[in-house]
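I've got one structure to walk you through, so let me put it up on the screen.

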Amino acid sequence: MKVMLEVAGVSKRFGGLRALDGVSFSIAEGRISSLIGPNGAGKTTAMNVIAGDIRPDSGRVLFDGEDITGLRPYQACWRGIARTYQLKNIFPALTVYDNVLAGMLKERGTVRSKESEVLRILDFVGLRHRAQVLARNLPPLEAKLVELGRALATRPKLLLLDELIGGLMPSETEQICTTVMTLRDEGYTILQVSHEMGPIMQTSDWVVVLNKGQKLAEGTPNEIRCDPDVQAVYLESGGEMDE
Ligand SMILES: Nc1ncnc2c1ncn2[C@@H]1O[C@H](COP(=O)(O)OP(=O)(O)OP(=O)(O)O)[C@@H](O)[C@H]1O
Ligand SMILES: [Mg+2]
């Protein structure tokens, strides 16, 4: 199994707060890995470090065997890392079509030459019939799918999905889970964050648990479900380990 991403001893402080404290884990190519943990555990900070939005105080990030620590977000994107954000982050005044097209800005070629790829992605996320709708008018599920579409348009190898599942109706959550597993089956490598344990356990090949900036455990969904340390942290934080 090939390692696509390695986070090695990464630390990041915000003032006196250790948001990440010597965190190490690896992500295997072609798998769905998940970062879980209570609020404030450091999950989004880890995503930010990997995507270049935040420079760690110490530690390294290796992608495809190369050191990418401290690269700018656009440089990480060029290497093949794309992300969606915990908070809605689409261009509200642009259409669905143009939001996805925006993911292809780094590529050469005319707007016209990119049309077939944009339409292919809109078909994949099920939004071709919504292509001319302004993004600000979209309901939550469609907004998330547009963001995913824009990330796919950058032609990534690694997709970082921060709470892509979350705040949705059960049938919508199921749809996102199916989409994420389809992407894995098409060869994408995925690192996702979610609060919703059911979908995480259902879709993940590997789970890394963070708590208070440190890695608490990692393993298969079954190993994590049975881990007493993980159960204790979730009970303490009022979360649910059950599906
Ligand atoms: N830019 C920042 N400045 C100051 N503190 C920050 C900043 N970003 C994150 N933090 C703090 O770092 C800690 C980890 O935050 P992070 O967003 O990584 O947690 P998380 O695991 O994603 O939590 P959640 O489940 O609520 O999304 C939190 O205590 C948070 O308040
Ligand atoms: Mg977060």
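Let's begin with ligand 1: the residues around it are F14, L17, A19, G37, N39, G40, A41, G42, K43, T44, T45 and Q86. Near here is a geometric criterion, a C-beta atom, placed from the backbone, within 6 Å of the molecule or strand. Before I go on, this is a predicted model: local features need pLDDT of at least 70, side-chain atom pairs count only at pLDDT 80 or more, and totals for chains, interfaces and linings use all residues. Residues are numbered from 1 along each chain as its sequence is written, and chains are lettered from A and ligands numbered from 1 in the order in which they are written.

Which elements give two or more residues to that shell? Strand 2 (17-28) and helix 1 (43-51) do, and the largest share, three residues, comes from helix 1. Helices here are DSSP runs of H or I with at least four residues, strands are runs of E with at least two, and both are numbered from the N terminus. By class, the shell has four nonpolar, seven polar and one charged residues.

Pairing takes at least two DSSP bridges between two strands. Strand 4 (residues 58-63) and strand 5 have two bridges, antiparallel, and F63 has E66 of strand 5 as its bridge partner. Contact means C-beta atoms, placed from the backbone, within 7 Å; the angles run from 0 to 180 degrees between N-to-C directions, with axes fitted to C-alpha atoms, for helices over the stretch in contact.

The other open sheet has six strands in the order 6-7-8-3-9-10, and its pairing is mixed. Strand 6 (81-84) and strand 10 (214-219) sit at the edges, each pairing on one side only. On average, neighbouring strands in this sheet are turned by 20° against each other, direction ignored.

How is strand 3 placed in all this? Five of the five residues of strand 3 (residues 32-36) are buried, so the rest of the structure largely encloses it. Buried means 20 or more other C-beta atoms within 10 Å of a residue's own, exposed means 12 or fewer, and partly exposed is in between, with C-beta atoms placed from the backbone. I32, S34 and I36 point one way from strand 3, while S33 and L35 point the other way.

L35 has a bridge partner in each: V193 in strand 8 and V208 in strand 9. Further along, five bridges join strand 7 (residues 158-162) to strand 8, again parallel, and L158 stands opposite T189.

As for helices on this sheet, helix 6 (residues 170-185) lies across strand 3, strand 7 and strand 8, at about 150° to strand 8. Helix 9 (residues 228-236) lies across strand 9 and strand 10, at about 125° to strand 10.

On to the core. The largest nonpolar core has 66 residues, and A46, I50, I81, V100, V146, L159 and L160 have the most contacts inside it. A core here is a set of buried Ala, Val, Leu, Ile, Met, Phe, Trp, Tyr and Cys residues joined through C-beta atoms within 7 Å. Helix 5 (residues 140-153) gives the most, six residues. Leaving aside neighbours within four places in sequence, V146 is in contact with I90, V96, N99, V100, L127, A135 and L138.

Most residues other than glycine have a negative phi. E163 has a positive phi of about 60°, and it is found in the loop between strand 7 and helix 6. K212, with a positive phi of about 50°, is in the loop between strand 9 and strand 10. E163 is partly exposed, with 19 other C-beta atoms within 10 Å, and K212 also counts as partly exposed, with 15.

Key
Nonpolar A, V, L, I, M, F, W, Y, C, P; charged D, E, K, R; others polar. Contact = placed C-beta atoms within 7 Å.
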